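Trainee: I have the sequence and the model open. Could we go through some of the contacts together?

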Amino acid sequence: MAAAAKDKTSTKKVITVQSKDDFDRVVAEAGNKHVLVEFFATWCGPCALIGPRLEELAQEYADCLVIVKVDVDDNEDLAEEYDVSSMPSFLIIKNKIKLEQFVGSSGEKVQSTLQKFCGKRDEKTTTAAGAGPSQKPNRVVSMIKVVSPSKANVMHSDKK
Amino acid sequence: MMLLKSLRSSGTSRSVLLLRCAGSLRNAIKFDYDLVVLGGGSGGLACAKEAVAYGARVLCLDYVKPTPAGTKWGVGGTCVNVGCIPKKLMHQASLLGEAVHEAVAYGWNVDDRDIKPDWKKLVKVVQNHIKSVNWVTRVDLRDKKVEYVNSIGSFVDPHTIQYKTKQGELKQLTAQYVVIAVGGRPRYPPIKGAFELGITSDDIFSYEKEPGRTLVVGAGYVGLECACFLKGLGYDPTVMVRSIVLRGFDRQMSEFLAAMMTERGIRFLNTTIPMGVDRTPEGKLLVQYRNTTTQTDESDVFDTVLWAIGRKGLIGDLNLGAAGVQTYNDKVIVDHTEATNVPHIFAVGDIIYGRPELTPVAILAGRLLARRLFAGSTQLMDYTDVATTVFTPLEYSCVGMSEEMAIERLGADNIEVFHGYYKPTEFFIPQKSFRHCYLKVVAELSGDQKILGLHYIGPVAGEVIQGFAAALKSGLTVKTLLNTVGIHPTTAEEFTRLSVTKRSGVDPTPASCCS
């Protein structure tokens, strides 16, 4: 379990697209899942602030959505297509249709938008042991779900 | 029909709309674009954006050839990327270092011993800001519907421009008007090691190494400003001066500025020229140089060598011969309407011969030109009485004539020079030197004494002089100036308190403030 927890970085869920073709492919592969797109820039301070939160949200909402990042300097065509002028800009896309677009690095706004489309998620599991260790089992469960899909259903039912 | 839509959205009147429509339809048959702007800097962008506001179809080409050291940058031109903006930020960084020491005098319990700059962090935040400006520039072009291509445009014939796409394809297009706004780049001296071992202002603002012990070759404002912010950041600059500092500026003020820099510990190598640069076994730079007064040769070792010996216009890539455009000393010759010898080809900004190389000059000239081309305006650019500032730690700002220009044009007997030293209130507590806090007004001798020029060395000089530039343009006289009540306590108010003339021979040093 501990080893799997340390392995977290190797299963980063947020995808940074390299091109418009890459973007189209990821959106298509998302299938029925929602896609949260973040338009960012390497020189954008607020984008750097919200970055880690996006990775957390990608883990939490993995069953419902895919999170994708687009560097506006590398993908000017995409930025132009979605009329992006300030960063971070967020889109929610489902089945290739844009459902929502907003600007700003408010973690609450991003979270409430995801809740709108995906429903609420528990951020902390409550155990008798206390707040600290109780977070880890949740994350480890998500990762095991990814790594060993055959065990996923078993884990899922345990999570109650 | 997209043309009509863009004309309507620009808010122009009906009759102008019809005129433009008819004109543009004529041009639509004849030319691909109403206007092609070569260069996406201060002048080029201002001209392009103003032109689209009047309904013109505009294409802007911008490209940055990497420096010998490999530095390149995005759209926006010299000012945004390797000029005014990063310069001002680094100037601010160096002033803040000074402020930490002053803060201690004012009671802050800051440990100001041995404070150091984090050069890499400074470069990172400066570059991040520049990139955000590049971005906003691109969005602005997109929003205003200026077509933008990142490539070098060159002439095929007077109305045809060609460029190479990123894929290597050659494209050609025709334009009714062309505005050349390609600006300039720093010169390199024709000596050994200049390209391989020296850098310029193009490189310093993104330099990945700490500059360390730096030789700045050149004593124009670029050289002086660079030496000053390097000194303020704790590095060790030396300025090599071929003949005089700040050629073209008021002599007395220029010498005061050099004296201020010397007082701050910046070494000057006067009447000296570089002869060659070699790399030492330790990886530093050995510079050979000659003192032209004593005719002696010497050498010294530096970490960085920065050439600031002037800038050359980028006419080389334009193939101007194909358009028949005349040039002089690698600049384009234009008349008072910014027209070249070819009637439909114009130029604005640093590329034109004999005009101040300043961003606000390029911007205003570019805008006025666009209005004359597409909005029926007749207003010409006024290049006289342009205010400017040298951003050294005590800054020097001026507007109007230098003292020697006034003497030359009107005669020493027909002018009066008011002058004075002053002591900024905030300097006393940290015991900051005000030896070079000085200002002067050059005016006509007779009548209400029309003011010909104002000169100021001190804190925030640009902020002080800006308002006076408008006053000068309005015909400011000494009578009005001395009847203007000052704002107290400021340094700008010293202009309203001037009383000592050079002619009187009275000592212009004040006893104390408020008297």
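Mentor: Let us begin with a salt bridge, in which a side-chain nitrogen of Lys or Arg is within 4 Å of a carboxyl oxygen of Asp or Glu. B:Lys432 forms one with B:Glu98, and their closest N and O atoms are 3.1 Å apart. This is a predicted model, in which local features need pLDDT of at least 70 and side-chain atom pairs count only at pLDDT 80 or more, while totals for chains, interfaces and linings use all residues. Residues are numbered from 1 along each chain as its sequence is written, chains are lettered from A and ligands numbered from 1 in the order in which they are written, and side-chain values use heavy atoms, with hydrogens and water left out.

Trainee: Where is B:Lys432 found in chain B?

Mentor: B:Lys432 lies in the loop between β22 (415-421) and β23 (438-444) of chain B. Helices (H or I, at least four residues) and strands (E, at least two) are DSSP runs, numbered from the N terminus.

Trainee: Which residues does B:Lys432 touch?

Mentor: Leaving aside residues up to four places away in sequence, B:Lys432 touches B:Glu98, B:Glu102, B:Arg264 and B:Phe427. Contact here means heavy atoms within 4.5 Å.

Trainee: How is chain B divided into domains?

Mentor: Chain B has domain 1 (33-186 + 312-375), domain 2 (187-309) and domain 3 (388-500). These bounds come from an automatic or database domain assignment. Taken over C-alpha atoms, the centres of domain 1 of chain B and domain 3 of chain B are separated by 32 Å. Nine residues from domain 1 of chain B and nine residues from domain 3 of chain B take part in the contact.

Trainee: And what area is buried between domain 1 of chain B and domain 3 of chain B?

Mentor: It is about 840 Å², with carbon and sulfur atoms giving 62%. Buried area is the accessible area (1.4 Å probe) that two parts lose on being put together, summed over both. Of the area that domain 1 of chain B buries against domain 3 of chain B, B:His91, B:Glu102 and B:Tyr106 supply 49%, more than any other three residues.

Trainee: How many salt bridges are there between domain 1 of chain B and domain 3 of chain B?

Mentor: The count between these two domains is two salt bridges. The side of domain 1 of chain B that touches domain 3 of chain B has four nonpolar, one polar and four charged residues. Ala, Val, Leu, Ile, Met, Phe, Trp, Tyr, Cys and Pro count as nonpolar, Asp, Glu, Lys and Arg as charged, and the others, Gly among them, as polar.

Trainee: Changing topic, how many residues of chain B are in contact with chain A?

Mentor: Eight residues of chain B are in contact with eleven residues of chain A. The area buried between the two chains is about 870 Å², of which carbon and sulfur atoms give 56%. In chain B, B:Trp135, B:Arg138 and B:Arg142 lose the most area to chain A, together 66% of what that side buries.

Trainee: Which residue forms a salt bridge with B:Arg138?

Mentor: The partner is A:Asp73, and the closest N and O atoms are 3.3 Å apart. Across the interface of chain B and chain A, three salt bridges are found.

Trainee: Last one: where does UniProt place the "binding site" feature?

Mentor: The unreviewed UniProt entry places it at B:Gly218, B:Ala219, B:Gly220, B:Tyr221, B:Val222, B:Gly223, B:Leu224, B:Glu225 and B:Gly310. They span 93 residues in sequence, yet no two of their C-alpha atoms are more than 13.6 Å apart, so they gather at one spot. UniProt positions are given in the numbering used here, feature names are shortened, and annotations may be inferred rather than shown by experiment.
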